[in-house]
Amino acid sequence: MDAMGITIFTLCMAIFWTGVFLKALPLLRDHMRVYPLIFLLALCMIRILLPLEFPFTMVINSRKILPAVQSFFCAPFAHFFHTDVTLYRCLMAIWIVGAVVSAIRHAAGRFRFCRTVSLLPVSDEKRLYDILKETGIKGAENIPIKVSSAFSSPAILGCRRPVLLLPDIPFSRGQLLGIFIHELSHYRKRHYVMKAFAELIHLIFWWNPLFSDLSGEVSHALEMHADRLVCDRLDTDQRMEYLMGILKTLENGRDKKTTPESAYCLKLAEKEGRKMLRQRFQMVLEYNCKSNGKYALIIFPLISALFLLSYGVVLQPYSMPERENYLLESDCYFLVDMKNGYDLYYSSGEYFFHIKENNIQNSDFQNLPIYHNLEEALQ
């Protein structure tokens with residue numbers, strides 16, 4: 001192929017490889033640092049959002065299995081409004097309708113949550129804004145803070161006009177300092193962009209259970225990145241205070257169901273798996289440990305190579321060449337009458353391609369000999 005393109009087959013390969021990466025991620029997560037983890041997740045999202053066939057992609061044509069699968073999904077079983085109804089078209093319609101419904105529900109839920117937050121009063125507690133100023137982050141003291149018992153965890157909402165959300169918990173000054181640095185780091189590093197893409201993929205591929213883990217994995221990686229940025233600004237004692245703030249947040253949300261901000265905000269902590277939480281704590285506690293520079297030299301090229309390798313092969317059914325590339329002569333080809341169309345064969349008896357019945361009329365195919373079965377043709 002001379003140019004890049006997208007087909008249903010490249011999309012299937014993208015879904016397959018992204019599923020493989022996401023399935024392998026829990027096995028690799030404990031052995032990966034935060035930046036390789038974010039890099040891998042970013043490549044996963046790029047892979048599924050860009051299901052391309054590049055000039056270097058090797059196309060493997062299946063002559064038996066995939067043509068049979070394609071014929072099964074594309075065989076018309078009804079006719080409605082001058083259109084053939086096939087299983088493929090029905091599944092695509094269900095996919096699109098499901099994605100639209102999911103997107104509408106997500107947008108409506110976000111609108112309701114943002115409206116609820118906008119109705120809450122802005123906190124006028126001077127202590128909170130003094131601690132915001134202590135973070136040393138430019139413009140931090142101008143970000144409004146809203147406190148409510150409805151929130152299970154500290155979070156930040158919004159990309160243009162951010163709002164800090166705090167649960168009604170008696171945090172200490174040291175705990176709030178770490179929490180504010182954490183949430184402002186999400187905003188400064190624009191983590192909401194990566195989270196939004198993860199949510200978009202989850203909405204589009206709502207039917208794929210493997211993709212339901214993507215949002216959680218992305219949220220965990222972004223929380224680890226924010227934790228790392230907190231450690232850059234705090235000393236050892238302050239980091240311990242910060243971890244106590246996370247534990248206090250988890251204790252507050254233990255008896256609560258999933259709160260609305262879970263889907264629309266970047267939260268300090270939520271009901272993560274034990275392995276995820278342990279990885280966050282371990283990273284903070286071992287912050288001063290020297291990292292091995294050779295690790296990055298190995299892991300980043302390895303992840304990049306696997307990413308490029310996923311574009312290396314595309315499986316697709318063996319298809320008919322373009323019209324100008326072949327001549328339909330009766331001594332070279334023949335047709336076998338099937339219930340749902342015709343099978344085209346070489347004169348040697350080798351299967352070539354399946355043709356729908358309505359494609360035979362007014363074409364060169366109608367000039368070819370037609371047999372009831374392959375045995376009759378080969379006599």
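Residues are numbered from 1 along each chain as its sequence is written, and side-chain values use heavy atoms, leaving out hydrogens and water. Since the model is predicted, local features need pLDDT of at least 70 and side-chain atom pairs count only at pLDDT 80 or more, while totals for chains, interfaces and linings use all residues.

**View 1. An open sheet of 4 strands, ordered β4-β6-β5-β7.** Its pairing is mixed (strands are DSSP runs of E with at least two residues, helices are runs of H or I with at least four, both numbered from the N terminus; two strands pair if DSSP finds at least two bridges between them). The edge strands, each pairing on one side only, are β4 (145–148) and β7 (266–267). Helix α4 (residues 87–119) packs on this sheet and touches β4, β5 and β6 (163–167), contact being heavy atoms within 4.5 Å. The direction of α4 makes about 105° with that of β5 (axes are lines fitted to C-alpha atoms, for helices over the stretch in contact, and angles run from 0 to 180 degrees between N-to-C directions).

**View 2. An open sheet with the strand order β11-β10-β9-β12.** Here too you will find 4 strands and mixed pairing. At the edges sit β11 (351–355) and β12 (370–371). Strand β9 (residues 333–338) runs parallel to β12, with 2 bridges; Leu335 has Ile370 of β12 as its bridge partner.

**View 3. A nonpolar patch on the surface.** Patch residues have over 30% relative accessible area and no salt bridge; like charges are joined within 9 Å, and nonpolar side chains (Val, Leu, Ile, Met, Phe, Trp, Tyr) within 5 Å. Helix α7 gives the most, with 3 residues.

**View 4. Arg173 and Glu134 in a salt bridge.** The N to O distance is 2.6 Å, and a salt bridge is a side-chain nitrogen of Lys or Arg within 4 Å of a carboxyl oxygen of Asp or Glu. Arg173 belongs to helix α6 (residues 173–188) and Glu134 to helix α5 (residues 126–134), so the pair ties together parts 39 residues apart in sequence.

**View 5. Arg280 and Asp227, a buried salt bridge pair.** Their closest N and O atoms are 2.7 Å apart.

How values were computed. Areas by Shrake-Rupley, 256 points an atom, 1.4 Å probe, with all protein chains shown as cover. Buried < 20%, exposed > 50% of the residue type's maximum accessible area, 1.4 Å probe, protein only.
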